[in-house]
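Here's a quick walk through one protein model, from the overall fold down to a few single residues. Have the structure open while you read.

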Amino acid sequence: MEKTVQILKQYPLQERQYTDRNGTPQVFASRGFEMTDGIDTFYAEAVGDFARSLMELDPSVYHRLQGQMTCREYKGSDGTIHHQNEVKIIKIS
């Protein structure tokens, strides 16, 4: 997906350690943004080295966003099925 967006809120870089399926320690990095395209307001996230490379973006101007939108299905603790839409930032300028 491509959209022209305005940034409403930028969250700081978050990093957390985890162990992958092979038992190797890894670090997951992410940076979140609340954005609007003038109609919808949504949360989008940059991950990995791309998230680490992003500096503070100017919220007073519109930015061009390239992203990937997916829907994730998961089962809640009460057994009900939930769906969550996720937007992953691929490029922003």
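This is a predicted model: local features need pLDDT of at least 70, side-chain atom pairs count only at pLDDT 80 or more; totals for chains, interfaces and linings use all residues.

Residues are numbered from 1 along each chain as its sequence is written, and side-chain values use heavy atoms, with hydrogens and water left out.

**The overall picture**

The protein has six strands and one helix, and reading along the sequence gives β-β-β-β-α-β-β. Here helices (H or I, at least four residues) and strands (E, at least two) are DSSP runs, numbered from the N terminus. The C-alpha trace spans about 40 × 30 × 20 Å along its principal axes. Of the 93 residues, 25% count as buried; buried is under 20% relative accessible area, exposed is over 50%, and partly exposed falls in between (1.4 Å probe, protein chains only).

As for the surface, the protein exposes about 6,600 Å², and carbon and sulfur atoms supply 48% of that. Those areas come from the Shrake-Rupley method with a 1.4 Å probe, and for residues only the protein chains shown count as cover. Contacts (heavy atoms within 4.5 Å) come next: among those with a separation of 6 or more, 48% are between residues 24 or more positions apart.

**How the strands pair**

Two strands count as paired if DSSP finds at least two bridges between them.

| Strands | Sense | Bridges |
|---|---|---|
| S1 and S5 (residues 62-75) | antiparallel | five bridges |
| S2 (residues 14-19) and S3 | antiparallel | six bridges |
| S5 and S6 | antiparallel | 11 bridges |

Two hairpins are worth a look. S2 and S3 have five residues between them, and Gly 23 there takes a positive phi near 85°. The hairpin of S5 and S6 also has five residues between its strands, with Gly 79 in the turn at a positive phi of about 95°.

**The core**

Which residues touch the most other members of the largest nonpolar core? They are Phe 33, Met 35, Phe 42, Leu 65, Ile 89 and Ile 92, out of 14 residues in that core. Strands S1 (2-10), S3 (25-36), S4 (41-47) and S6 (81-92) are the elements that give two or more residues to it. A nonpolar core here is a set of buried Ala, Val, Leu, Ile, Met, Phe, Trp, Tyr and Cys residues joined through side-chain atoms within 4.5 Å.

Leaving out residues up to four places away in sequence, Phe 33 touches a list of residues including Ile 7, Tyr 11, Phe 42, Leu 54, Leu 57 and Ile 89.

Is Asn 85 buried or exposed? Asn 85 counts as exposed because its relative accessible area is 57%. Asn 85 lies in strand S6 and touches Thr 70 and Cys 71, not counting residues up to four places away in sequence. Asn 85 and Thr 70 are 15 residues apart in sequence, yet 5.7 Å apart C-alpha to C-alpha.

Thr 80 sits in the loop between S5 and S6. With a relative accessible area of 35%, Thr 80 is partly exposed. Not counting residues up to four places away in sequence, Thr 80 touches Tyr 74 and Lys 75.
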